Amino acid sequence: MNSDVFTSSSLGTYQACPRRYEWAYVLGIRRIRTPDRLGIGSAYHAGIEALNLGATVDQAIAKSRNAAPNEIDAERVACMVSGWHWRWREAPAFRRVLATEKVFEFKPVKRSRWTCAGKIDVIGELPDGRVAIGEYKTASEDLSPGSDYWRRLLIDRQVSLYVLGARSLGYDVDTVVYDAARLPGLKPRLLTRREGGGNGERENMEQYAARIAESMGEKPDWYFARAEIPRLPRDIEQFRTDLVHVVKSVRASGRAGVWPRNTDACRRWGACPYFGPCADCYDVETSGIPNGYERVTDVHAELTIGETDDDDHDNSAESAE
Ligand code: SF4
């Protein structure tokens, strides 16, 4: 395991629960990935990336559909990609794309023995000529202007880290364009008798997709929003202070071999992926890898394969629109 590389995800994991960090980044234990565990966030990301690389909207939708975990999510993500294209085709964020899926690794502190790494979705020129990072996210939250979603980004760790990361690659960026798409919470509904139902029949996938598309057409700003998230020098300095403190804490845990549990985080954003073995006080050293898990050698696989952190946060199926 490379314990000297920190990503926004690994730092966030430690801050949420040091024991969870130990499972994921020290022991390298991960749940075995199956198609139904690849999330809709990754599928959406695959389609947007394809569009940025010049694919047609049909090709991008096909790519997203193929990456979707199930039939219903395939419809949801197809609507999101076509909806995103429809929403922004007359107002592209960038007049020129300079780089996509750009991996960075750099030392935020001179002479440190640790580095920070990440993968930037897009670097491009804004219509006014400035160079900016583009980040594409899925969300389950309110995206209206001034909502907490946007307020939090003003202090977001990943935004600051990616600005420094892009600069380390030689791009003189000073801002980030955050492009958020809300996950449709609609589910296939029961058909009425007039529609041919009455015995538990639900609408087919075509009808379901049409209803999502209609909802997107009625309230595009509810589903798709974009904002510039600036980073001032004082923001970057505050980020560095936070970063150094968290990394020191991680390294102190490693030296002591103590990874405290934060049981407040066990059920936050859905169940922790280690809840079963952790609650059973499972010992990997004496009992081996728990069932349903595997040991990975690359704990930062998101830097090399097309996945996003959004997949951890799709709670929209439970939320009503
Ligand atoms: S189950 Fe709870 S205490 Fe254990 S690793 Fe997960 S969040 Fe931490």
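Predicted model: local features only at pLDDT ≥ 70, side-chain atom pairs only at ≥ 80, totals over all residues.
**Tyr162.** I picked Tyr162 off that list and looked up its contacts. Leaving out residues up to four places away in sequence, Tyr162 touches Gly118, Ile120, Ile133 and Val176.

**Strands.** Next I went to E5, residues 131-139, and found the strand mostly covered, with seven of its nine residues buried. On one pairing, E5 runs antiparallel to E4 (residues 115-125) over four bridges, and I noted Val122 opposite Gly134 in E5. The hairpin of E4 and E5 has five residues between the strands, and Gly129 there takes a positive phi near 95 degrees. I also traced E5 against E6 (residues 175-182): this pairing is parallel, over seven bridges. Here Ala139 stands opposite Arg182 in E6.

**Ligand.** Last, I listed the shell around the ligand and counted 13 residues, the closest being Cys17, Arg261, Cys266, Cys272 and Cys278. By type I have eight nonpolar, two polar and three charged. Helix H2 (18-26) and helix H11 (275-279) each supply at least two residues of the shell. H2 makes the largest contribution, three residues.

Notes. Residues numbered from 1 in each chain as written. Near = placed C-beta within 6 Å. Nonpolar A, V, L, I, M, F, W, Y, C, P; charged D, E, K, R; others polar. Contact = placed C-beta atoms within 7 Å. Buried ≥ 20, exposed ≤ 12 C-beta atoms within 10 Å, placed from the backbone. Pairing = 2+ DSSP bridges.
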